[in-house]
Amino acid sequence: MKMKELKLSFTGPKAETSCRAFFSWLVDGGGEDVVIDALADYGFDVEISECDEMQGQIKFVSRAGESDSVIV
């Protein structure tokens, strides 16, 4: 299975609070749907497969139907 990573970091005085808020929004606050819908506009079919709040990791899986020819 091929896997690529994207790392998103927060810096500054409220970095930890901002990071936790973003994680919570993405996993429980509707952000997942925003990301999935945005990627669908480019021809990708993805879903969240795993979340690790302690490590701040969210894994998306690309399902069949993804387009390798999409230019983003």
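Q: What makes Phe10, Phe22 and Trp25 a cluster?
A: In this predicted model, ring pairs link Phe10, Phe22 and Trp25. The structure holds two aromatic pairs, and phenylalanine 22 takes part in the pair with phenylalanine 10 as well as in the pair with tryptophan 25.

Q: Why is the pair of phenylalanine 10 and phenylalanine 22 called tilted?
A: A pair of aromatic rings is described by the distance of the centres and the angle of the planes. The centres of phenylalanine 10 and phenylalanine 22 are 5.9 Å apart, and rings pair if their centres lie within 6.5 Å. The planes stand at 50°; under 30 degrees would count as stacked and over 60 as edge-to-face, so the term is tilted.

Q: What parts of the chain does this pair link?
A: Phenylalanine 10 belongs to the segment before α1, whereas phenylalanine 22 lies in helix α1. The two residues are 12 residues apart, and the pair links distant parts of the chain.

Q: Why is the pair of phenylalanine 22 and tryptophan 25 also an aromatic pair that is tilted?
A: Its centre-to-centre distance is 5.6 Å, which meets the limit of 6.5 Å. The angle of 45° between the planes falls in neither the stacked nor the edge-to-face range, and the pair is therefore tilted. Both residues lie in helix α1, three residues apart, about one turn of the helix.

Q: Why does phenylalanine 10 count as partly exposed?
A: Buried means under 20% relative accessible area and exposed means over 50%. Phenylalanine 10 has 30% relative accessibility and therefore counts as partly exposed. Phenylalanine 22, with 30%, is also partly exposed, as is tryptophan 25 with 35%.

Q: Why are α1 and α2 called roughly perpendicular?
A: The axes of helix α1 (residues 15-28) and helix α2 (residues 31-40) cross at roughly 70° and come within 4 Å. Angles of 65 to 115 degrees count as roughly perpendicular, and α1 and α2 therefore receive that description.

Q: Which residues make the contact of α1 with α2?
A: Trp25, Leu26 and Val27 in α1 meet Gly31, Glu32, Val34 and Val35 in α2. These residues divide into five nonpolar, one polar and one charged.

Q: How do you know that β1 and β2 pair?
A: Two strands pair if at least two bridges are found between them. Six bridges join strand β1 (residues 46-52) to strand β2 (residues 57-62), and the strands run antiparallel. Among the bridge partners are aspartate 52 and, in β2, glutamine 57. The hairpin has four residues between the strands, and glycine 56 takes a positive phi near 65°.

How values were computed. Residues numbered from 1 in each chain as written. Predicted model: local features only at pLDDT ≥ 70, side-chain atom pairs only at ≥ 80, totals over all residues. Heavy atoms only, no water. Axes fitted to C-alpha atoms, helices over the stretch in contact; angles between N-to-C directions. Parallel < 35°, antiparallel > 145°, perpendicular 65-115°, else oblique. Contact = heavy atoms within 4.5 Å. Nonpolar A, V, L, I, M, F, W, Y, C, P; charged D, E, K, R; others polar. Phe/Tyr/Trp six-rings, centres within 6.5 Å; stacked < 30°, edge-to-face > 60°. Buried < 20%, exposed > 50% of the residue type's maximum accessible area, 1.4 Å probe, protein only.
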